[in-house]
Amino acid sequence: MRPSAVRLLNILVPIKRAVDYAVKIRVNPEQTGIDLNVKHSMNPFDEIAVEEAVRIRERLKDAVKSIKVVTIGPPKSAETLRTALAMGADSAVHVEIPDSAPSPEPLGVAKTLKALIERQKEGVDIVILGKQAIDDDAGQTGQMLAGLMGWSQATFASKVEVNPEQKVANITREIDGGLEELRCKLPVIITTDLRQVQLLNEPRYASLPNIMKAKKKPVEKLTAAELGVDITPRLETIKVTEPPKRVGGGKVANVDELLAKLKEAGFTGKRA
Amino acid sequence: MLRLHNFIRPAFRSRRWAHNIPTFSHLNSVNEEDIAHFSSILAPTSILSTLSSVSTPADDIAPYNVDWMGKYHGQANSVLRPRTTQQVSEIVKYCAQRKIGIVPQGGNTGLVGGGISLQKEIVLSLGAMNNVRSFDPVSGVLVADAGCILQSLSEYIAPHNHIMPLDLGAKGSCQIGGNISTNAGGLRLLRYGSLHGTVLGLEVVLPDGTILDQLSTLRKDNTGYDLKQLFIGGEGTLGIVTGVSILTPPAPQATNNIFLALPRFDNVLPLFQTVKRQLGEIMSAFEYIDRTAYDMGLQHGLGPLLSADEVGDSQCFVLVETSGGNQDHDLEKLNNLLESLLTADEPLINTGVLSQSPTQFNSIWALREGLTECVQKEGKPYKYDVSVPLADFQNVVDAVRERMISKGLYGDHAISKVMGYGHVGDGNLHLNVIAKHGYRPELEAALEPFIYEIVAERKGSVSAEHGIGSMKRDALHYSKSEISIEWMRKVKQVFDPLNIMNPGKVLP
């Protein structure tokens, strides 16, 4: 019997541009959100996902046909796409939303991704993305997308092994008190955990030759409307405020004063 | 009659620079009477002394008598911590009358033993004078007491979106007065220039106790000789800096950095020219790391920023930082630069990285700044801070390595590594020679004065930014002619005829 041709894999990596984790977050004066006029970079969990996609290709060589990155965000998100392209992705899709538009919620993102997946002529075999974004910490997109697509899901992955011949992926995931190993049929949604960094992947730096190459890679621009998706948020943000400032401590001269202060603060002792 | 400079007669006498300590026969020791007099000037808490009337515990006085490396051990029995310029003036006036030597001391972070009492001089610590006098957010002029810690000043002006024009590793301890007295260089020198330019005015207590108030906030003032320049880098031998007026630049709104691997050292200079031309005003650092230093950094867990395949057999590395007002503008310039570098017919670089996030920006800097720490882990370092023409960076390092090989001292048994890194932009090479099993006299004899000689041959400086102090006095003649030294002596004579101000430092 003739061996069947190896199915070539297409990988999709959704990424998000977020305020860099090294930046100190400040509430904006209008109290409608945080000050966004600061350094942004790729959500670190997504960076791990891009790195992992590139490494899957490095391991499987030609069995991976394409790595496509996608982001949903304002015009500046294009920079984040270029970074991912410089890290090794082949092409990109930018679902652009205006600067003034509110950030879409996980369900809107998942629906957009579903519409995108359905547009891919060659299909998608693996979607790999960060388990959460560090700005809203929602941690829902991957799961919702798996639900909408009816695909396997492997969340909080710390190790990914793909077998293109058998069309399965073995994934080790982080759970309370240990590790769990899953065997999933492709297509699969994988969300990456931070532990991946310690175990197998420190996201690479975009090298200059690759940054230059990335400039020539195709970036397709779309809007949510073109994909037939409504990404209007369903939640309304009423007000954003900073937590109350910590009040500094004080010194007391003697034990009596300390007791008086404690009583004042409502602490009372009982004689044993 | 007191002969002032009879303890000198240059270098040729001894090669153990640090150990030929002059005897100060012209000076008196501090005694109980003196302490009693100081008590009339200062609060009791401002006087530390091992003499019986005060009897400060030895542990409390030790920090003023040992430098941070533990290399120099001072001899002072008393330390004064004045709070005002007036108090400094009165102390100096008294010391001049009594012929007591004075060592002005800042954060005690020097590398050449300049702030340490060699014999019986009293230590005058400026640490208690630590108030900001004024800051003008419009002009950026900051006026502060000499004892203000550099980092505190940075934090003071940060909310006004200004930064200090200098930045050094010791920023958490060093004091602005000490920075000025040693003309400290550091990481921002390329961009903002030396303190000779950024210091607008000084308040100095002269060796007779007179207060020289030149605390000007004017940027332009061509009225006669610019006396303050003498105190910048004067290492406290001409007077005590008590107040500083300094011009601070606005904080950059956008910073980026790139790290480049170069196939050959010969490419560094053309690269420097290209980068300077294309980046123009936004270039704020251009740092050099040789292959030995890079490999050592990797071994100790710095980086890796570049993949080993792409680095290949690159001989050296360069870090370029930009600071500007507009991220888009800066990135466009950087991208144009990188494109021209990579598409050139004979590329100057093998590969490189451009930081994509503040985290990567910091990691790239960490590779350069972490080297000092790695050097300490490798063994005992002989550290030379020299200025040489850029073209000579590599051959100075090579010459030292070859000498060690020819003397049979190169290898794990003696000198395990000879490496260079530093501020190309300022022509400042940090030459590090690592003695794997510790300092040994024959190693030092092989290195010195050899290194000073090869630096002198290239018309370089034996001390680019660390100063002379007591360590390099006898090496001064390698960088300054007899005539220069003679006129320095005359200047010293004019300001300090009694030779009480930081005696035994700077001049041979």
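Two strands pair if DSSP finds at least two bridges between them. Helices (H or I, at least four residues) and strands (E, at least two) are DSSP runs, numbered from the N terminus. This is a predicted model: local features need pLDDT of at least 70, side-chain atom pairs count only at pLDDT 80 or more, and totals for chains, interfaces and linings use all residues. Residues are numbered from 1 along each chain as its sequence is written, and chains are lettered from A and ligands numbered from 1 in the order in which they are written.

**Chain B overall**

- Chain B has 18 helices and 16 strands.
- Its radius of gyration, taken over C-alpha atoms, is 24 Å.
- Along the principal axes, the C-alpha atoms of chain B fill a box of roughly 75 × 60 × 45 Å.
- Of the 508 residues of chain B, 48% count as buried. Buried means 20 or more other C-beta atoms within 10 Å of the residue's own, exposed means 12 or fewer, and partly exposed lies in between; C-beta atoms are placed from the backbone.
- Take contacts in chain B between residues at least 6 apart in sequence: 74% join residues at least 24 apart. A contact requires C-beta atoms, placed from the backbone, within 7 Å.

**The seven-stranded sheet**

- Chain B holds an open sheet of seven strands with antiparallel pairing, in the order β13-β10-β12-β11-β15-β16-β14.
- β13 and β14 of chain B are the edge strands, each with a single partner, so one side of each has no neighbour in the sheet.
- From one strand to the next, the twist averages 15°. Angles run from 0 to 180 degrees between N-to-C directions, and axes are lines fitted to C-alpha atoms, for helices over the stretch in contact.
- Seven bridges join β11(B) (residues 283–290) to β12(B) (residues 316–324) in the antiparallel sense. Here B:A285 stands opposite B:E321.
- Two helices lie across β10, β11 and β12 of chain B: α9(B) (residues 268–279) runs at about 165° to β11(B), and α13(B) runs at about 50° to β10(B).

**Strand β16(B)**

- Eight of the eight residues of β16(B) (residues 428–435) are buried, so the strand is largely enclosed by the rest of the structure.
- Both faces are covered, with B:N428, B:H430, B:N432 and B:I434 on one side and B:L429, B:L431, B:V433 and B:A435 on the other.
- β14(B) (residues 380–387) runs antiparallel to β16(B), joined by eight bridges. B:V386 has B:L429 as its bridge partner.
- β15(B) (residues 415–423) also pairs with β16(B) in the antiparallel sense, over eight bridges. B:V418 stands opposite B:V433.
- β15(B) and β16(B) form a hairpin with four residues between them, and B:G427 in the turn has a positive phi of about 65°.

**Interface with chain A**

- 15 residues of chain B contact 14 residues of chain A.
- On the chain B side, α12 (327–343), β13 (351–354) and α13 (358–369) each supply at least two residues. β13(B) gives the largest share, four residues.
- That side has seven nonpolar, six polar and two charged residues. Nonpolar covers Ala, Val, Leu, Ile, Met, Phe, Trp, Tyr, Cys and Pro; charged covers Asp, Glu, Lys and Arg; the others, Gly among them, are polar.
- α6(A) (residues 208–215) packs on α12(B) at an angle of about 105°, with axes 10 Å apart. That makes the two helices roughly perpendicular (65 to 115 degrees; under 35 is roughly parallel, over 145 roughly antiparallel, the rest oblique).
- A:L208, A:P209, A:I211 and A:M212 meet B:L338, B:E339 and B:L342 in this contact.

How values were computed: The radius of gyration is taken over C-alpha atoms; the globule rule is 2.2 Å times the number of residues to the power 0.38.
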